[in-house]
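I opened my notebook to look up a few things in this structure. Here is what I wrote down as I went along.

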Amino acid sequence: MNRGISGANLPALRHHNAALVLDLLRAATRHGTGGISRLELAERTGLTPQAVSKITARLRAEGLAEESGRQASTGGKPRTELRLVRRARYAAGVHLDRDELTVVLADLSGERVEARTSRLDLGRPAGEVLEAVAREVRALDAGPAILGVGVAAPGPLDHASGVLHRVTGFPDWDGFPLRDALERRLGLRVVVDKDTNAAALAVLGQDAGGGSFAYLHLGTGLGAGLVLDGAVFRGERTGAGEFGHQVVQLDGPVCGCGNRGCIEAMCLAAVDRGDSAGAAYLLGVGAANLVSLLDIDRVVLGGRTVLADETLFRQEVAAVLTERTARSAGRTVPVSVAPGGTRVVADGAALLVLASVFGGAALG
């Protein structure tokens, strides 16, 4: 039953020290250790035991933490363990694609508990698109409270201000204040980021590989999310990752961005004519450029086009990388397909909200 949405205005969630404690509780819950004691929380955060006791008391009063049992005694009084109440609060994640809208509901651990997908035309007037998003978010079974809504949209865009720039093929969105407009409609906090950055955050949260990697997304467009030294890299003006608009053929076809020979235009043209192998080869060329430029550890693939023939794309991209980088890099760069399927972007959008709750920590 849909119980509607209520905002969560909890001082504890905005407090830096409380966020540190919440993140450790979340990690213990996600990694299946059962719980963590107050003393361990104090040792790992550098806070005093008294401060940890006050914070955990507030979190328990808010229903965010609970006792999960006692540790085995080592001679003294057994320590009580605490754990996160995963479904005390939720975050919504929205993937605003060019032709499809996906909305998910995630609990505090980042686990997806509900998902909805519907057709969408990003070329429709902004008011109609926003109403479709608001309608799907309101339809989520959000329980007692929802912390906010993360929206992942095609770039380029300004992550800090939540303003879209000139989306390839949809120039009318240039300069649109998506974050503020949705916040007014929903009465909830909204975070906006590029679809590829959201997916990279989801991969970071689901994959123990860590390190530095590029997430390459081939669907209705082509872009990259970059994770460097374990954190999503957005650039000084949050414009990093416009992977699809690197020029790989000077006299190539005209791209929607106005340039010629962009890898996005060439990949999509190959897909349109049924040449998946050709598209995969081009994707591999772009991936090799990234590996040479950034010395990243691995490449992760995603997007509807990749998922339609993931074995072909993984093998072809890996072959091109081996051919083009093995000699210079002196290593083989692993290539994998992102976990999460077609909803990885929406999952990552929900994590945009949770990352701020847990002190901006990577949700790994």
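I began with a pair of helices: α2 and α4 are roughly perpendicular to each other. This is a predicted model, so I read every value as computed. I looked up the crossing itself, and the axes of α2 (residues 16–30) and α4 (residues 49–61) cross at roughly 70° and come within 10 Å. An angle from 65 to 115 degrees counts as roughly perpendicular.

Which residues meet there? I found Asn17, Ala18, Val21, Leu22 and Leu25 on the α2 side, and Ile55, Thr56 and Leu59 on the α4 side. I sorted the residues of this contact into six nonpolar and two polar, with no charged ones.

**A sheet of five strands**

Next I traced an open sheet with mixed pairing, in the order β13-β12-β11-β14-β15. The edges are β13 (231–233) and β15 (335–337); each has a single partner strand, so one side of each has no neighbour in the sheet. On average, neighbouring strands here are turned by 30° against each other, direction ignored.

I then checked β11 (residues 213–218) and β12 (residues 222–228): they run antiparallel and are joined by six bridges. For His217, I noted Gly223 in β12 as the bridge partner.

**One threonine**

Last, I picked Thr325, which sits in helix α11 (residues 310–329). Is Thr325 buried or exposed? Its relative accessibility is 1%, so Thr325 counts as buried. I saw a polar atom of the Thr325 side chain 2.5 Å from the backbone oxygen of Leu321.

Methods
Residues numbered from 1 in each chain as written. Predicted model: local features only at pLDDT ≥ 70, side-chain atom pairs only at ≥ 80, totals over all residues. Heavy atoms only, no water. Helix = DSSP H or I, 4+ residues; strand = E, 2+ residues; numbered from the N terminus. Buried < 20%, exposed > 50% of the residue type's maximum accessible area, 1.4 Å probe, protein only. Polar contact = N/O pair within 3.5 Å; in protein donor to acceptor, adjacent residues only side chain to side chain. Pairing = 2+ DSSP bridges. Axes fitted to C-alpha atoms, helices over the stretch in contact; angles between N-to-C directions. Parallel < 35°, antiparallel > 145°, perpendicular 65-115°, else oblique. Contact = heavy atoms within 4.5 Å. Nonpolar A, V, L, I, M, F, W, Y, C, P; charged D, E, K, R; others polar.
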